[in-house]
Amino acid sequence: MSANLASTVADFLAYKRALGRKYLSEEATLDLLIDFTEEHAVTDLAGLTPGLLDEFVASRPRERSRSFNHLIGVTSTFLAWAIAQQRMDAVQWQGKRRQETDRRLPFLFDPNQARQLLNAAAALPDYSRGRGRGPTYHAIFALCYGLGLRVGEACNLRLEDIDTVKQLLIVHGGKFGKSRLVPYGPRIGELLALQLQRRNEKGGTGPDPLFTFDGRHSVTSCGVSETFRHLTEELAFPVPAGTSAPRLHCLRHSFAVGCLLRWYREGLDPSAMLIQLSTFMGHVSPASTAVYVTITPELLSEASRRFEAFAKPVWSEEKP
């Protein structure tokens, strides 16, 4: 029992994408596997022996544990699927993952640091090919920090995606191909109204990008990330030990942690609200959202205060 490797990989990717997953990096990894096996004159799944798989992994040296573990995970997932589909017999191979000791905590922006970043973005000068740089980057950073949008989601917004009456953003094609509605409050509303006004003055129509420098193409995620990096380097925020340097995605982390902290202070139940935060951020499940919730001293203090209030009646009981 065996099947062609390349056709099985194509079927596997089609299956995953039918579930709404993009699977781009995974496709690149499996393409490497196909190229490697072809170099060893192996085209069928039956040829995927434990020894050959070990050689494949060894041929892809990766310094970062996370990248190496991604290689192991994609290969293992593909093999498990092929076995479950009875495309191949079980293969006794278990790729050994590395311990991820190089991972650091994300940098979390407090309100003051976020305000400094937004002010610095708003003050950016125009370039000949970048009219309105300040308001554009200011608005994108505000959406990432204030609504937890991914940078790609913010960059790809269209004029028709803003419902000013219902105060909703329509986010199309987020991660895993999901689209969602994102409500916003008055401050974000004011910011979006100004951006819409600027675009309307330049003749923008419904399907045109909300954030653009030439009126036709959306600003790129890479350009936004590069601008973010330059600004944070100039601002020189102190980075706590064990924490990574500020990255654009840290604004989304900061949004999630800020929501949790606010719920604690408002007396709400964070565990009951997590499903709502997961939906708001466009995650597949609350388990994905939990990755964003970094325990900070403020969160730990609020959680301890909540527990003390819960347990106080028991502690106060007089012993018989």
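Just after helix α9, residue A236 takes a positive phi of about 55°. Helices here are DSSP runs of H or I with at least four residues, strands are runs of E with at least two, and both are numbered from the N terminus. Good morning; I shall begin with this helix and then turn to the rest of the chain. This is a predicted model, in which local features need pLDDT of at least 70 and side-chain atom pairs count only at pLDDT 80 or more, while totals for chains, interfaces and linings use all residues. Residues are numbered from 1 along each chain as its sequence is written, and side-chain values use heavy atoms, with hydrogens and water left out.

Let us stay with α9, residues 221-235. Its 15 residues reach 21 Å from the first C-alpha to the last, close to the 21 Å expected at 1.5 Å a residue; the expected span is 1.5 Å times one less than the number of residues. Which residues of α9 are buried? They are V224, T227, F228, L231 and T232, where buried means under 20% relative accessible area, exposed over 50%, and partly exposed in between, with a 1.4 Å probe and protein chains only. Seen down the axis of α9, these buried residues fall within an arc of 130°, so they line one face of the helix. The arc is taken over the directions from the helix axis to the C-beta atoms. On the face turned away from that buried side, α9 carries the exposed residues C222 and E234. The cover over the buried residues of α9 includes α5, α6, α7 and α10.

Helix α1, residues 5-18, can be described in a similar manner. At 1.5 Å a residue, its 14 residues should span 20 Å, and its end C-alpha atoms are 20 Å apart, which agrees. Its buried residues are L5, T8, V9, F12, L13 and K16. They cover an arc of only 135° around the axis, which puts them on the same side of α1. Among the elements that cover them are α2 (24-39) and α4 (65-84).

We now consider the chain as a whole. It has 13 helices and three strands. Of its 320 residues, 41% are buried. Of the contacts with a separation of 6 or more, 64% are between residues 24 or more positions apart; contact means heavy atoms within 4.5 Å.

Next come the spaces within the protein. On a 1 Å grid over the protein atoms alone, a cavity is a set of points where a 1.4 Å probe fits but cannot get out, whereas a pocket is an open set with protein on both sides within 12 Å along at least five of seven lines; lining residues have an atom within 4 Å of a point. Points are joined across faces, edges and corners, and a volume is the space filled by probe spheres set on them.

How many cavities of 30 Å³ or more does the structure hold? It holds one, and the space in the largest cavity is about 80 Å³. Its lining includes R131, G132 and T212, and α8 gives the largest share, three residues.

The second largest pocket has a volume of about 1200 Å³. Of the 37 residues that line this pocket, F109, D110, P111, Y145 and S254 lie nearest its centre. Helix α10 gives the most to this lining, with eight residues.
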